[in-house]
Amino acid sequence: MKASSIATALAGGITMFSAAVQADPGMMNSSVLEGLHEADWRPQELIGDLQWLRPRQMSPVSHLIRSILVDGFDAQSNEHYQHVPPLRSAACARDTCCVWWYIAKEMSQLFRGTDGQCTDAARGAIRAGFHDAGAWSKTTGDFGGADGSIVHAPEEMLRRPNKGLQEIVQQYKFWYDRWSHFGVSMADLIQMGANVATVVCPLGPRIRSFVGRRDNFKPAPDGLLPSPFDPPDKVIAMFSAKTIQPLSLAALLGAHSTSRQRFFNPARAGAPQDSTPGVWDVLFYRQNLAARSPPDVFRLPSDVVLAEHPLLFPAFKAFAGPGGQALWAHEYARAYLRLSLLGVFNINNLTDCTRVLPPRTLKW
Ligand code: HEM
């Protein structure tokens with residue numbers, strides 16, 4: 001596709017890179033766009049109950065989520081609370097989001113370090129959000145996904161891909177004990193936690209955050225989370241079965257911008273996956289595309305082979321290049337919103353509580 005036809009493509013409902021490209025159509029050259037997978041240009045799949053709801057049955061939240069997932073609207077927002085009622089007041093009890101403002105505040109205190117960068121707990125929360133929601137595929141329907149089972153079902157913690165999540169799972173048990181009597185679900189705590197952690201990381205996107213997910217105490221189906229040894233085609237197929245196409249996969253992998261591996265290679269425990277693990281920046285993409293990484297950085301084998309894969313390379317290059325930070329924030333937010341709703345079949349009844357999130361740190 002030529003750069004000149006991007007606007008036409010977007011007007012036709014093709015959603016790729018929408019906001020960023022609309023803002024600055026010259027920001028990416030056509031060769032980058034041409035390399036993208038055909039699945040990235042198609043309108044993206046609907047998930048959960050959005051698949052069968054008719055427009056007139058859809059709540060405003062469903063319309064909003066649909067417009068983000070399918071029409072390419074931005075999943076980032078700066079909406080914030082004007083006046084938060086006191087926690088134990090009747091006004092707070094009437095407002096679904098009120099308690100979440102207090103929870104998000106408590107979470108951000110743990111996720112922001114004294115130096116302003118995001119902490120180990122923040123990294124853990126971002127990864128836990130993926131590992132709870134990501135244990136789902138189109139074949140599992142309403143079993144698995146963003147349902148809190150990673151904490152509620154102890155068996156999940158014995159699974160190899162979940163190694164390293166023990167501390168954050170303990171933290172979620174603590175928060176659940178503290179907040180569940182306000183009617184808060186574990187599934188929502190985990191996804192809100194991931195979004196609070198992401199925006200607390202300097203330069204991190206402020207992703208729209210919805211609450212009302214239902215919990216499941218049954219262990220999620222096994223074998224649906226990737227291994228760093230998986231060949232790239234397997235990982236791409238695994239994410240596609242979660243309705244996540246290569247561009248979104250490339251965006252999600254950027255969460256390793258804040259990562260420090262501990263168990264994959266214990267001899268280098270604590271080694272980051274880019275040089276700035278406390279900051280949500282695009283260095284991860286640049287350092288995975290480079291022939292060699294700096295000695296302090298430990299690249300995961302899956303990141304290296306996925307960065308080179310023809311279906312992901314164009315996105316890695318675009319995120320690493322000029323304007324890449326804004327582009328990545330836009331694509332990550334959309335992809336993470338989708339991920340955070342996998343296996344959720346009551347999207348129509350969710351509440352938009354984006355206004356409880358802390359503000360973004362736009363400069364670092
Ligand atoms: C191909 C897909 C992926 C693979 C194979 C993978 C694998 C891994 C591995 C091996 C680690 C290090 C664990 C350790 O040794 O301590 C890790 C850490 C991490 N991953 Fe992934 N990951 C993938 C995708 C994702 C996605 C989609 C997200 C989030 C959206 C994510 C978020 C994180 C975070 C934040 C950490 C750091 C955790 C910490 O520092 O405690 N990963 N990942």
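Which residues have the most contacts inside the largest nonpolar core? They are Phe111 and Ala197, in a core of 89 residues. A nonpolar core here is a set of buried Ala, Val, Leu, Ile, Met, Phe, Trp, Tyr and Cys residues joined through C-beta atoms within 7 Å. Helix H11 provides the largest share of this core, 10 residues. Domain 1 (3-69) and domain 2 (90-356) both contribute residues, so the core lies between them. The domain bounds come from an automatic or database domain assignment.

This is a predicted model: local features need pLDDT of at least 70, side-chain atom pairs count only at pLDDT 80 or more, and totals for chains, interfaces and linings use all residues. Numbering runs from 1 along each chain as its sequence is written.

**Overall make-up**

The protein chain has 17 helices and 4 strands. These are DSSP runs numbered from the N terminus: helices are H or I with at least four residues, strands are E with at least two. Of the 364 residues in the protein chain, 46% are buried. Buried means that 20 or more other C-beta atoms lie within 10 Å of the residue's own; exposed means 12 or fewer, and partly exposed lies in between, with C-beta atoms placed from the backbone.

Two residues are in contact if their C-beta atoms, placed from the backbone, lie within 7 Å. Among contacts in the protein chain between residues at least 6 apart in sequence, 75% join residues at least 24 apart. Ala197 touches Phe111, Cys118, Ala122, Ala125 and Ile126, leaving aside its neighbours within four places in sequence.

**The ligand shell**

There are 23 residues around the ligand. A residue is near a molecule if its C-beta atom, placed from the backbone, lies within 6 Å of it. Arg123, Gly164, Ala255, Ser259 and Phe263 come nearest. H8 (120-133), H13 and strand E2 (260-261) each supply at least two shell residues. H8 gives the most, with 5. The shell divides into 11 nonpolar, 8 polar and 4 charged residues. Ala, Val, Leu, Ile, Met, Phe, Trp, Tyr, Cys and Pro count as nonpolar, Asp, Glu, Lys and Arg as charged, and the others, Gly among them, as polar.

Leu203 has a positive phi although it is not a glycine. Thr243 also has a positive phi and is not a glycine.

| Residue | Phi | Loop | C-beta atoms within 10 Å |
|---|---|---|---|
| Thr243 | about 70° | between H12 (232-240) and H13 (246-253) | 19, partly exposed |
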